[in-house]
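Trainee: I have a model open and want to read its packing. Can we start with the terms?

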Amino acid sequence: FKMTVPGFTVSAFILLLHVNFVASYPSGKVTKSCHGMIPEHGHTPQSHPAHNISVSQMTFRPGDQIKVTLSGPPFKGFLLEARDAENLSGPPVGSFTLIDSHVSQLLTCEDVQGSAVSHRSPSKKTEIKVYWDAPSSAPNHITFLATVVEKYKIYWVKIPGPVISQPNVLPFTTPAATTAPMPTGPPVSHLTRSFNASDCGKKKFCIRSPLNCDPEKELACVFLSFTRDDQSVMVEMSGPSKGYLSLAFSHDRWMGDDDAYVCIHEDQIVYIQPSRLTGRSHPIMDSGDPLEDMAWRLADGVMQCSFRRNITLPGVKNRFDLNASYYIFVADGAAADGRIHKHSQQPLITYEKYNVTGHPKNIGGSRSLLLLKVHGALMFVAWMTTVSVGVLIARFFKPVWSKALFGDAAWFQVHRTLMLTTSALTFIAFLLPFIYRGGWNWHAGYHPYLGFIVMVLAVLQLLLAAFRPPLHDPRRKMFNWTHWSMGTAARIIAVAAMFLGMDLPGLNLPGPWKTYAMIGFVAWHVGTEIILEIHAYRLSRKVEILDDDRIQILQSFTAAEAEGYVFKKVVLAIYVCGNLTFLTMFLSAINRL
């Protein structure tokens with residue numbers, strides 16, 4: 001599962017789960033299940049059918065059209081096919097014609113258009129009627145089979161209907177019964193105690209978050225271990241979760257084409273299921289046959305599960321060879337009615353590929369990729385600190401630092417340096433998600449759009465400053481207004497983007513403190529500006545005559561105001577200390593991801 005920057009990230013692993021029916025498709029596009037007619041839900045089918053298939057006539061000739069009715073208690077999904085009654089495992093026979101296209105749709109199975117019928121939506125229904133068109137090459141006896149899904153974990157597979165026959169053929173005799181493969185039931189073994197981390201790096205290959213945490217003592221510890229035993233490996237997984245825990249082996253940091261294993265908590269039981277991931281979609285549950293020694297434990301909001309699998313499984317599809325190296329993902333999230341939902345936070349991902357059957361190691365991981373962490377850190381530095389200090393200096397410190405420094409006033413040199421730094425950091429940070437994603441991220445909500453606007457405004461500010469008119473030029477007043485308006489807009493939008501970015505899966509800073517800290521930063525800055533504005537106003541009142549020609553937008557400075565430079569420097573020093581405190585909080589949180 002390759003992680004996405006969301007809107008997924010890096011994504012996730014085991015995500016985007018909607019209400020899923022046959023083959024986990026609420027829209028009824030279940031072509032993958034045409035042959036076996038088995039929903040890939042990872043649960044055991046019901047044994048006693050509650051629904052009935054009826055037909056309008058019991059005999060047919062090639063070219064006939066027979067009405068077929070599927071009815072019973074309310075159900076959400078279904079798959080209906082006609083099969084050779086003497087070869088139920090064979091391909092679908094004939095094709096169907098819809099009676100009500102609002103509730104059902106035709107599927108193409110075995111390259112035969114309309115050879116199966118399924119639901120069009122997950123809305124509840126009690127009856128489906130279609131016509132079956134007998135082909136010219138129809139076998140002597142035909143039966144209808146239906147898979148019906150009442151809800152995700154309650155479904156019936158291959159409900160048999162009546163057998164219809166061509167005239168003047170030998171009577172149909174029931175062939176020997178065949179049993180469809182059933183998904184693995186829940187493990188019966190219970191763990192009597194928590195997993196032990198004492199052998200990590202010695203006998204066990206361990207992944208822990210926080211690094212070196214102990215699952216026996218810390219409820220918040222996310223723990224995954226692999227212990228090699230000859231030709232098999234024992235897997236232990238533990239972490240706080242009320243829904244599911246999962247791990248996956250991946251060739252890269254993106255979700256898709258991965259070997260995954262899911263422990264699902266349902267009705268005080270934990271189901272352990274291998275699965276495969278195909279892009280940003282619901283994991284497809286596979287048979288649990290490759291797994292042995294499955295066991296689980298639930299205590300104090302912590303789920304623990306373990307299982308054994310062979311290192312190599314040459315006869316089993318979708319299972320990776322564990323002699324190779326992979327990125328390893330650990331995710332958790334909610335589950336309801338046997339169905340898992342999108343992970344509640346970004347998956348924990350190892351920093352590099354590892355061979356879990358090789359030399360035992362004790363490693364950690366991160367819930368945010370380095371590129372995304374650097375992106376967030378640079379944006380915080382730029383739009384919390386450098387731009388904020390630069391604005392205050394330009395707005396209030398012109399008379400304080402008016403002496404020339406390298407050809408220009410000192411305040412201007414400091415202001416220009418800070419603003420160039422802001423633009424440079426913004427440009428670098430803006431590029432990083434594109435490098436990570438390989439393009440625009442369509443799953444991150446409004447954040448990338450706001451970031452794009454900020455980037456454009458930052459560039460326009462640089463261009464505008466490059467063509468700044470002289471001090472007494474008639475256009476200077478227009479420049480001042482435009483420069484102030486664009487800068488203020490950029491700062492406001494940047495703060496909004498940071499608010500949204502903190503909750504994206506690619507970064508997802510933990511805890512509610514981040515919102516209060518950002519509000520605190522905004523209040524700290526606004527409060528400082530208000531104090532300096534009041535101070536400037538009080539000093540300006542000491543001047544008896546104000547020359548209107550000397551009053552410019554954003555710089556109503558007088559000689560009287562310059563007398564308060566000590567007060568201003570003290571306020572600036574206090575402000576910078578507070579600003580750096582807020583910045584350190586966010587950078588420290590990013591570093592701990």
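Mentor: Two strands pair if DSSP finds at least two bridges between them. Strands (E, at least two residues) and helices (H or I, at least four) are DSSP runs, numbered from the N terminus. This is a predicted model: local features need pLDDT of at least 70, side-chain atom pairs count only at pLDDT 80 or more, and totals for chains, interfaces and linings use all residues. Residues are numbered from 1 along each chain as its sequence is written, and side-chain values use heavy atoms, with hydrogens and water left out.

Trainee: Which residue is the bridge partner of A146 in β9?

Mentor: Strand β8 covers residues 141–151. It pairs with β9 in the antiparallel sense over 8 bridges. In β9, A146 is bridged by I159.

Trainee: Which strands stand at the edges of the sheet?

Mentor: The open sheet has 5 strands in the order β5-β6-β3-β8-β9, paired antiparallel. Each edge strand has a single partner, so one side of it is left without a neighbour in the sheet. The edge strands are β5 (104–109) and β9 (154–165).

Trainee: Are α1 and α5 roughly parallel or roughly antiparallel?

Mentor: Helix α1 (residues 370–396) packs on helix α5 (residues 513–540) at about 5°, with axes 11 Å apart. Angles under 35 degrees count as roughly parallel, over 145 as roughly antiparallel, 65 to 115 as roughly perpendicular and the rest as oblique. Therefore α1 and α5 are roughly parallel.

Trainee: Which residues of α5 make the contact with α1?

Mentor: Contact means heavy atoms within 4.5 Å. From α1, the residues include F380, W383 and M384. From α5, they are M518, F521, H525, T528, E529, L532 and E533.

Terms used
Axes fitted to C-alpha atoms, helices over the stretch in contact; angles between N-to-C directions.
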